[in-house]
Every structure is written in C-alpha cells, then in structure tokens.
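Hi everyone, thanks for making time this morning.

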Amino acid sequence: MRILLRFTLAAVFGAICLSTACAAAAAPPARITVLYDAFGSDPAMAKDWGYAALIEIDGKRILFDTGDDAAVLAKNAKARHVDLGKLDFVVLSHRHSDHVSGLSYVLRVNPHVRVYAPKENFGMFGSDLPAKFYRKDESLPANMRYYDGAPPETMKFGTVFPGANIELIDKTTEVAPGITLIALVSDATGTKELKELSLAVRTPEGLVLVVGCSHPGIEPIVAEAVRIDPHVHVIAGGLHLVAAQDAAIEKVVGALHDTYKVDFVAPGHCTGEPTFAALQKVFGDRYLYAGLGTTLGLGANPRVASNRGSTARDWAGYRALLARSDE
Ligand SMILES: [Zn+2]
Ligand SMILES: [Zn+2]
C-alpha cells in the first residue's frame with residue numbers, strides 16, 4: 001500500500017513537473033555575459049574595442065553582436081566557458097566592424113546558426129532590390145544595357161559572409177514570442193541612414209533592452225521599446241555618448257531616469273567614460289557594472305553574478321583603445 005502510494009505521488013509530481021510552472025522553475029535564470037568590451041578586469045580575457053554579449057533569457061541563448069576580432073571573441077568565449085556552438089540565434093546590431101567581425105569565428109563553430117542583421121541597400125549582409133529601381137533606356141544596344149536589357153525581377157546582392165544563414169530585418173519584428181528586434185535608422189552625422197537593431201525581451205520584471213551602439217539615439221530606441229512594454233527593467237550595451245558633451249549626456253541620463261523611469265542600467269562599449277560617471281551618479285545602486293567578463297542576473301534584483309570589478313588600469317586601457325577608434 002505504501003509502495004502504491006509512493007508510485008501515485010511520483011506519478012502526480014511527474015505530471016506537475018511537465019506543467020509550465022515546473023518548466024519555468026527549471027529554466028536557467030535570465031542573465032547577460034559581456035564577452036567583448038574595452039574595459040574589465042578578467043586577466044583571462046582580452047580587452048578590445050567592440051561589443052558582444054551572450055543573453056540567456058526565456059530558455060534562449062542569444063549572441064548579441066560579435067566584437068571586432070574573431071580571435072579575441074574566441075579567446076573570451078573560451079575564458080568564460082561560453083559554447084558559441086549552442087545558440088538559438090545571433091543578432092548583428094549594425095554594420096560596424098567592431099560588432100560584426102567576430103561572426104567569422106561564430107560561423108566556424110556554428111555554421112548554420114540563424115543570424116539576424118539589419119536590411120540595408122547594398123549592405124555587407126546581402127540584400128536585394130526590384131530591378132525596376134533603375135531607369136531603363138530601350139534605345140541603347142543590348143551590350144550597353146544592364147543584363148542585356150532583360151534584368152531579373154529581383155536583383156540579389158552578396159554578403160561578406162557567404163553561406164551564412166542571414167535573415168534581414170527591415171522593420172521592428174517579434175522574432176520569437178516576447179523577443180523583438182527594434183529596427184531604427186540613424187540620422188546622426190557620420191552614420192546617416194545606418195540601420196541598427198536593438199534587442200527587446202519581455203520579462204515578468206519589465207523589458208530587457210540590449211543595444212549595440214545606439215546610433216539612432218538611445219532615446220528614440222527606448223521610445224520604440226516602451227511601445228512593447230512601458231516598464232523598462234534593464235538597458236545594457238553601448239549608448240554612443242563616447243564623445244558627447246556634458247549637456248547632451250545629462251539630457252539622455254535625465255530621460256532614462258526621469259521620463260522612462262528605467263529600473264537598471266548596465267552600460268558598456270561606446271557609452272563613454274563621462275556617461276558612465278553621470279549614469280552612476282544618477283542611478284546609484286541601480287547602475288550595474290558591466291565590464292568585459294561580467295555576468296549579470298536579470299531578475300527582479302539584477303546583480304553581478306561574477307563581478308570582476310573595475311580598476312584604474314581598465315580605464316587607462318579603455319582610453320587607449322578609444323583613441324584608436326573612429327567610433
Ligand atoms: Zn560600436
Ligand atoms: Zn557603431
């Protein structure tokens with residue numbers, strides 16, 4: 001009888017464990033690990049200008065950007081025991097090499113992984129255009145006409161990553177339940193018409209927003225994000241205020257803190273040293289250090305799971321790399 005009861009209880013708990021509650025309990029905690037940046041203090045990792053982060057959320061493993069150098073990404077992933085052969089997908093935020101170049105390593109260990117990239121005309125990720133985009137002149141002889149005067153309906157343009165499973169994103173798209181790629185275009189001098197993808201993930205605590213360089217501006221990106229969920233829980237990544245003056249920095253920091261009431265910020269990459277300082281001052285203990293090698297839990301109380309801290313030496317290295325960067 002006791003054995004029967006034990007079997008019955010086991011069967012009942014087995015059935016409960018198949019339910020979503022148990023599945024959720026079994027899912028690893030949401031977290032982000034910075035795999036590429038120019039500041040940090042893990043001696044096993046190489047600091048370099050660029051950005052890459054592994055986001056583990058909702059049972060998915062997402063590589064957001066790939067850094068500037070395939071060998072550095074390989075070294076840093078190994079140092080953090082991150083298997084880039086196991087990914088649900090990769091997001092390339094934008095065409096700048098400090099976010100894209102590491103993809104060649106990812107494709108070596110994971111050749112068929114889905115890669116989301118912004119759709120740009122004649123971009124490095126490949127593209128296509130209807131042949132009717134160009135004007136025709138039927139008075140010309142065939143050998144002076146494109147395609148002898150008989151172009152394909154759609155003209156296809158190659159990618160610098162032939163064979164990669166690249167899916168181009170033209171406009172803001174929910175690519176998996178609760179996981180949205182925000183697509184915006186920069187209007188800033190130097191990056192006009194550059195399209196950039198940002199990653200927004202719905203969580204019970206609010207939106208987790210990961211940005212590459214924020215060339216379209218972090219405020220327009222957040223404005224688009226709050227259409228998905230007005231409660232922004234965490235913003236991680238580059239805010240591109242690396243050369244901004246104090247007034248511009250204060251405006252952005254004020255908007256994030258006062259207008260959008262963002263819970264936590266975990267800035268990195270091109271956010272800029274004065275902006276790190278300004279964000280830290282305003283957000284206090286809701287400023288999350290996110291240097292190279294940091295793993296941040298993204299739950300109700302995000303905290304550094306593996307805080308390797310920052311040192312004066314890190315900042316000196318960051319400045320040296322910044323001086324060499326054209327970003
Ligand atoms: Zn960048
Ligand atoms: Zn950039």
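I'll talk about nonpolar cores, then aromatic pairs, then a few strands. One thing before we start: this is a predicted model.

Let's begin with the packing. The largest nonpolar core contains 30 residues. Those with the most contacts inside it are L35, L73, L84, L87, V90, L103 and V106. Which elements each supply at least two residues of this core? They are β1 (31–36), β2 (52–57), α3 (70–79), α5 (103–109) and β5 (114–118). The largest share comes from α3, with five residues.

Please find L84 on your screens. Leaving out residues up to four places away in sequence, L84 touches L35, L63, L73, A77, Y105, V106, V109 and N110. There is also a second, separate core, made of 29 residues, and I169, I179, V208 and V210 are among them.

Now to the rings. How far apart in the chain are the two partners? The answer is 250 residues: F39 is in the loop between β1 and β2, while Y289 is in the loop between α8 (273–283) and β15 (295–297). F39 is buried, with a relative accessible area of 2%, and Y289 is buried as well, at 14%.

My other pair is F89 with Y116. Here the centres are 5.1 Å apart and the planes are at 80 degrees, so the pair is again edge-to-face. F89 belongs to strand β4 (residues 89–91) and Y116 to strand β5, so the pair ties together parts 27 residues apart in sequence. Both F89 and Y116 are buried.

That brings us to β5 itself. Is this strand mostly covered or mostly open? Mostly covered: four of the five residues in β5 are buried. β5 pairs with β4 in the parallel sense, over two bridges, and V91 stands opposite Y116. β5 also pairs in the parallel sense with strand β8 (residues 165–169), over five bridges, and there Y116 stands opposite E167.

Methods:
Residues are numbered from 1 along each chain as its sequence is written. Chains are lettered from A and ligands numbered from 1 in the order in which they are written. This is a predicted model: local features need pLDDT of at least 70, side-chain atom pairs count only at pLDDT 80 or more; totals for chains, interfaces and linings use all residues. Side-chain values use heavy atoms; hydrogens and water are left out. A nonpolar core is a set of buried Ala, Val, Leu, Ile, Met, Phe, Trp, Tyr and Cys residues joined through side-chain atoms within 4.5 Å. Buried means under 20% relative accessible area, exposed over 50%, partly exposed in between (1.4 Å probe, protein chains only). Contact means heavy atoms within 4.5 Å. Rings of Phe, Tyr and Trp (its six-membered ring) pair if their centres lie within 6.5 Å; planes under 30 degrees apart count as stacked, over 60 as edge-to-face and the rest as tilted. Two strands pair if DSSP finds at least two bridges between them.
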